[in-house]
Amino acid sequence: MPPPDSQTIQPADALVGAVALPADKSIAHRSALFSAIADGTSRIVGFPDAADPQSTLSCVRALGIRVEKDDDALVVHGEGLHGLRAPSSALDCGNSGTTMRLLSGILAGQSFSSSLIGDASLSGRPMGRIMNPLREMGADISGNDGHAPLSIRAISGLLTPIAYRLPIASAQVKSCVLLAGLYADGETSVIEHKPSRDHTERMLGLSRIRMGDEAIISVTGGEAPAARMWSIPGDFSAAAFLLVAASILDGSLIRMPRVGLNPSRTGLLDVLRAMGADIRIENERDVNGEPIGDLFVKSAPLSGIRVDGPVIPNLIDEIPILAVAGVFADGITEIRGAAELRHKESDRIAAVVSGLRAMGADVEEFDDGMAITGGTGLSGAEIATHHDHRIAMAFAVAGLAAKGATLIRDASIANVSFPGFYDTLGALR
Ligand code: S3P
């Protein structure tokens, strides 16, 4: 009998078929939060069932916002910047760092107090990175030694606008400061050196000015987001698992319609293509200011590559699955400049290195990345997911390409971003 909440992954020959991906998690969080503080009613088409965006939605409801279902859409009755109500208990962000960090920016400007909690993984992630700029803006926020639970006390007036130079490339920190800026008395700016995903800027229509090798994004206090219709594209970060699976399993061909192709998210596409992957994009178009298209991927021989520098923030969530691709590439795949990976849902450098080694790969670990020598193949093993959805899914794909069975423990954690992931793999076999 397999242990409870595990998945046994048997090797697969090829994956063939079409996949409707879950809707983009980053855009979903933002659509719910921005709609809640908009003046008027918004419709969100295709809001995902995944656990992380659902955490944001339940927080929004706990803040007094009415949300109804209408066919395939959510109707969110926005109450304006100052229309949220004090929650009756702590806001539960579950496993979702985006929920906790973005929501803190909004809550920092409220005239009521609130607290935010999360699961064990989220409670271990650094929150000083948002507490510092929020305090500079005059917010009264405290945590447990820089971690959740967070407690945010009511303020009587407005926050103080700041110009904040991001010490790390982080869309969550950037978005937190910009959202707090909506509650500040004047213009708040964030200066970023290495561009991270820019959904907040696009969705709020914020100005972005390039100054040498930096960009300045600004928001004007007091201007509520517009109530509107959002249509959420498929999640490129979910597509990533299938792009790699199809690339490494001979004879595969997968089609994924309507995938978000925002360049600040698709670093993996460029890297896989440079490794030799056969990926085609058709029907490119724009929805809500976000580029989308249909993806086609066929198996192809891959070569190792060095990945470092400004592309890292644009593929940060895809590094676990990129490492799996590296095992099946000819030569060495080296990933550097990715120390942020140690602060995700798990320490993803340690989790990937130990999982790949357990499966027989040749991997060297660095503080800021890893190097994988391709060509060893993989053997099935028992994999600990460390309560991290992307580790579970990356190793399920590794298992498809391994000899013998792979056991993924704590497998349902994949529901954080990709409900039905294992069934999707099964249907493609
Ligand atoms: C996200 C930003 C990234 C990413 C996370 C989602 C977002 O985190 O890893 O999965 O939606 O803003 P950082 O901004 O902290 O790098």
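Biologist: Which helices each supply at least two residues of the shell around the ligand?
Modeller: Those are α1 (25-36) and α6 (171-181), where helices are DSSP runs of H or I with at least four residues and strands are runs of E with at least two, numbered from the N terminus. This is a predicted model, in which local features need pLDDT of at least 70 and side-chain atom pairs pLDDT 80 or more, while totals for chains, interfaces and linings use all residues. Residues are numbered from 1 along each chain as its sequence is written, and side-chain values use heavy atoms, without hydrogens and water.

Biologist: And which residues surround the ligand?
Modeller: The ligand is surrounded by S26, R30, T98, S170, A171, Q172, R197, I316, D317 and K344, a residue being near if one of its heavy atoms lies within 4 Å.

Biologist: Switching to the backbone, where is the cis peptide bond?
Modeller: It runs from A148 to P149, with omega near 5°, and P149 is in the loop between β8 (140-142) and β9 (150-153).

Biologist: Which residue has a positive phi although it is not a glycine?
Modeller: That is N288, at about 55°, in the loop between β16 (278-287) and β17 (290-298). Most residues other than glycine have a negative phi, and most peptide bonds are trans.
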